[in-house]
Structures are given as C-alpha cells and as structure tokens.
Amino acid sequence: MTTVKAVEDKLVIQQKKSDNTYLTPTKNMPGWYAGELLFVREVKIDCAVVFRALDNKLYSLNDEQLLNFKLL
C-alpha cells in the first residue's frame, strides 16, 4: 500500500543518490502481475507515472490504484 505522496518523497531521495525508484504490484490483478518491477519516471499533482517494461508503456497511477502496489 502506498500513496502518490510516498512515491514522490521516495523519488526525491533516490534521485539525490542517483538511484532508481520502483513499484511492484502486491498481488496479481487484471493486467498486472505480482512481483513485476515498474520504474517510477515522475510524479505529477495527483498521480505517479511509471514505466512498465513488460509492454514498454507508461502508466499513470493515482492514490486509489497505488493501494495495490508496494514501493521498493
């Protein structure tokens, strides 16, 4: 379980150390697989933009969607 604010805070810390920030689904859901890594590209006002290597697409996840993701 995470929020956009938590992702933003972690992203700022990781960027200062030149490290990447990742999310992973906590369980299998329609269209998502538990354990797959999603790279956090940026945080906007009400969503986190993540890159999914499985299909090479960007996704915008809001607070409600992020409830089923874990911040790494």
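Phe69 lies in strand S5, which covers residues 69-71; helices (H or I, at least four residues) and strands (E, at least two) are DSSP runs, numbered from the N terminus. The model is predicted, so local features need pLDDT of at least 70 and side-chain atom pairs count only at pLDDT 80 or more, while totals for chains, interfaces and linings use all residues. Residues are numbered from 1 along each chain as its sequence is written, and side-chain values use heavy atoms, with hydrogens and water left out.

- Phe69 counts as buried because its relative accessibility is 2%; buried means under 20% relative accessible area, exposed over 50%, and partly exposed in between, with a 1.4 Å probe and protein chains only.
- Leaving aside neighbours within four places in sequence, Phe69 is in contact with Met1, Thr2, Leu23, Thr24, Pro25, Thr26, Met29, Trp32, Leu38 and Leu61, where contact means heavy atoms within 4.5 Å.
- Phe69 and Thr24 are 45 residues apart along the chain, yet their C-alpha atoms are separated by 5.4 Å.
- The largest nonpolar core has 13 residues, and Phe69 is among those with the most contacts inside it, together with Leu23, Leu61 and Leu66.
- The elements that give two or more residues to this core are H1, strand S2 (38-43) and strand S3 (48-52).
- H1 gives the most to this core, with 3 residues.
- A nonpolar core is here a set of buried Ala, Val, Leu, Ile, Met, Phe, Trp, Tyr and Cys residues joined through side-chain atoms within 4.5 Å.

**Overall architecture**

- The protein contains 2 helices and 5 strands, and their order along the sequence is α-β-β-β-β-α-β.
- The radius of gyration of the protein is 11 Å, which agrees with the value near 11 Å that a compact globule of 72 residues would have. This radius is taken over C-alpha atoms, and the globule rule is 2.2 Å times the number of residues to the power 0.38.
- The C-alpha trace spans about 35 × 20 × 20 Å along its principal axes.
- Among contacts in the protein with a separation of 6 or more, 45% are accounted for by residues 24 or more positions apart.

**Surface and charge**

- Of the 72 residues of the protein, 31% count as buried.
- The protein exposes about 4700 Å², and carbon and sulfur atoms supply 52% of this area. Accessible areas come from the Shrake-Rupley method with a 1.4 Å probe; for residues, only the protein chains shown count as cover.
- There are 10 positive and 9 negative side chains, and the centres of the two sets lie 5 Å apart.
- Lys and Arg count as positive and Asp and Glu as negative, whereas His and the chain ends are not counted; the place of a charge is taken as NZ of Lys, CZ of Arg, CG of Asp or CD of Glu.

- Thr2 is found in the segment before H1 and counts as buried because its relative accessibility is 7%.
- Not counting residues up to four places away in sequence, Thr2 touches Val7, Leu23, Asp63, Leu66, Leu67, Phe69 and Leu71.
- Thr21 is found in the loop between helix H1 (4-16) and strand S1 (22-25), and a relative accessible area of 1% makes Thr21 buried.
- With residues up to four places away in sequence again not counted, Thr21 touches Lys10, Leu11, Gln14, Leu38, Phe39, Val40 and Leu71.

**Positive phi outside glycine**

- Ser18, a residue other than glycine, has a positive phi near 60°. Ser18 has its place in the loop between H1 and S1 and is exposed, with a relative accessible area of 67%.
- Asn56 is not a glycine either, and its phi is positive at about 55°. Asn56 lies in the loop between S3 and strand S4 (57-61), and Asn56 counts as exposed at 58% relative accessibility.

**Other positions**

- Tyr33 has its place in the loop between S1 and S2. Apart from residues up to four places away in sequence, Tyr33 touches Pro25, Asn28, Arg52 and Leu54.
- Tyr33 and Leu54 are 21 residues apart in sequence and 10.0 Å apart in space, C-alpha to C-alpha.
- Ile13 is found in helix H1 and is partly exposed, with a relative accessible area of 49%.
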